[in-house]
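Visitor: I would like to understand how this chain is put together. Please show me the sequence and the structure.

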Amino acid sequence: ASEESIVAGKSEIPSADWANNGLIRVLLLGESGVGKNGSDLCHYWKQWQSYLCGLRKCYSYEKTILMDDEDITITFIDDWKKDLSLLTFDICLLIFSLTDRQSFHYAVELRLRVREAHPQCPIILVGNKSDLVRSREVTYEDASANATLFQCQYFETSAALDHNTFQLLEEVVKRLRSTERMGLI
Ligand code: GDP
């Protein structure tokens, strides 16, 4: 059973890491328009995104979730324009839109760049906008076969309907816990 709450929006990327204090840095990568800003439980985020971004250009935001009786703070970094090798993060979500095949190809290309810069970093491939059933251009089979080929997990979400978004966050945490146990971070 999980409960969620938003704590604050932040424009600075914290330096502490997951292994030390349960803080997780998630890099969101993907073509413009695929829903990176909406990928974290859209309806909450949208409410204060305009407020924060109105004050200054913000590239990261933070959220705390309660999972297995533990508070876990996740910082999302939406900053794909920077040199990947300069960014510090614990896990990468490669997001594409299920209604845009080009964005899928772009995500696949980005995966190569992430692997080059961060060979050990866990990656999850995310097909967003699953609510737009009639405009779908990427099948579940295509995307999951690609993910299997490149040894990453695959998730389909709808940020607009909040479908599978929390499950995705849970998976991020589980994945990092297991990575940590294996001594990779
Ligand atoms: P970004 O450029 O990747 O950050 O994309 P945004 O988060 O700004 O989303 C681009 C557009 O897609 C916006 O109009 C969102 O409302 C819309 N969008 C994002 N996620 C979804 C989704 O799951 N379903 C639908 N139907 N629209 C979405």
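Guide: A residue is buried if 20 or more other C-beta atoms lie within 10 Å of its own, exposed if 12 or fewer, and partly exposed in between, with C-beta atoms placed from the backbone. This is a predicted model, in which local features need pLDDT of at least 70, side-chain atom pairs count only at pLDDT 80 or more, and totals for chains, interfaces and linings use all residues. Residues are numbered from 1 along each chain as its sequence is written.

Visitor: What percentage of the 185 residues in the chain is buried?

Guide: The chain has 185 residues. The share of them that counts as buried is 32%.

Visitor: How many helices and strands does the chain have?

Guide: Helices (H or I, at least four residues) and strands (E, at least two) are DSSP runs, numbered from the N terminus. From that end on, the elements run β-α-β-α-β-β-β-α-β-α-β-α. The count is five helices and seven strands.

Visitor: How many of the residues of β5 are buried?

Guide: In a regular strand the side chains alternate between the two faces of the sheet. On one side of β5, Ile91, Leu93, Ile95 and Ser97 are buried, and on the other so are Cys92, Leu94 and Phe96. The number buried in β5 is seven of seven.

Visitor: Which residue in β6 is the bridge partner of Ile95?

Guide: Two strands pair if DSSP finds at least two bridges between them. Six bridges join β5 to β6, and these strands run parallel. The bridge partner of Ile95 in β6 is Val126.

Visitor: Why is Phe166 classed as partly exposed?

Guide: Phe166 lies in helix α5. In space, Phe166 is 9.3 Å from Ile65, C-alpha to C-alpha, although the two are 101 residues apart in sequence. Phe166 is partly exposed because the number of other C-beta atoms within 10 Å is 17.
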